[in-house]
Amino acid sequence: MFDIIGTTRYPEEAWVDMEHDFWLNVSVILGDKKYLFSEERMCMADFTVFGSLVNIVEFRHISPKEYEAVSKHQNLLEYVARIKQQ
């Protein structure tokens with residue numbers, strides 16, 4: 001079980017479900033847009049999400065469950081590849 005700051009406890013399966021839900025929502029927000037939160041160029045929120053995604057994708061061996069959650073959404077993988085090319 002995971003213990004959040006000693007006050008709330010969730011089983012690991014609940015964390016995995018929350019993570020899958022989170023990346024599903026990010027995928028829906030992104031849709032086929034170039035960036036998540038801006039039109040012309042990346043804003044700080046885009047950089048934050050991109051940083052999280054690139055760490056999950058590039059270091060998938062560290063947390064395979066996170067990678068599994070992200071890799072279900074092709075547009076998130078394309079987002080990472082597109083931003084890395086810039």
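UniProt, in an unreviewed entry, places the feature "domain: Metaxin glutathione S-transferase" at residues 26-83. Such annotations may be inferred rather than shown by experiment; UniProt positions here follow the numbering used here, and feature names are shortened. Residues are numbered from 1 along each chain as its sequence is written. This is a predicted model: local features need pLDDT of at least 70, side-chain atom pairs count only at pLDDT 80 or more, totals for chains, interfaces and linings use all residues, and side-chain values use heavy atoms, with hydrogens and water left out.

Start with the fold. The protein chain has four helices and two strands. Helices (H or I, at least four residues) and strands (E, at least two) are DSSP runs, numbered from the N terminus. Along the sequence, the pattern is β-β-α-α-α-α. Now return to residues 26-83. This stretch is 66% helix and 0% strand. Its end C-alpha atoms are 16 Å apart.

Next, the whole chain. Its C-alpha atoms fill a box of roughly 40 × 25 × 20 Å, taken along the principal axes. The chain has 86 residues, and 31% of them count as buried. Buried means under 20% relative accessible area, exposed means over 50%, and partly exposed lies in between (1.4 Å probe, protein chains only). Contact means heavy atoms within 4.5 Å. Among contacts between residues at least 6 apart in sequence, 53% join residues at least 24 apart.

Look inside. A nonpolar core is a set of buried Ala, Val, Leu, Ile, Met, Phe, Trp, Tyr and Cys residues joined through side-chain atoms within 4.5 Å. The largest one here has 19 residues. Trp 23, Phe 50, Leu 53, Val 70, Leu 76 and Tyr 79 touch the most other members. The helices α1 (12-30), α2 (44-58), α3 (64-71) and α4 (74-85) each supply at least two residues of this core. The largest share, six residues, comes from α2.

Take Tyr 79 as an example. Leaving aside neighbours within four places in sequence, Tyr 79 is in contact with Leu 30, Lys 34, Tyr 35, Leu 36, Met 42, Asp 46, Phe 50 and Leu 53.

Finally, find Phe 37. It lies in the loop between α1 and α2. Is Phe 37 buried or partly exposed? Phe 37 counts as partly exposed because its relative accessible area is 48%. With neighbours within four places in sequence left aside, Phe 37 is in contact with Cys 43, Ala 45, Asp 46 and Val 49. Met 18 is 19 residues from Phe 37 in sequence and 22 Å from Phe 37 in space, C-alpha to C-alpha.
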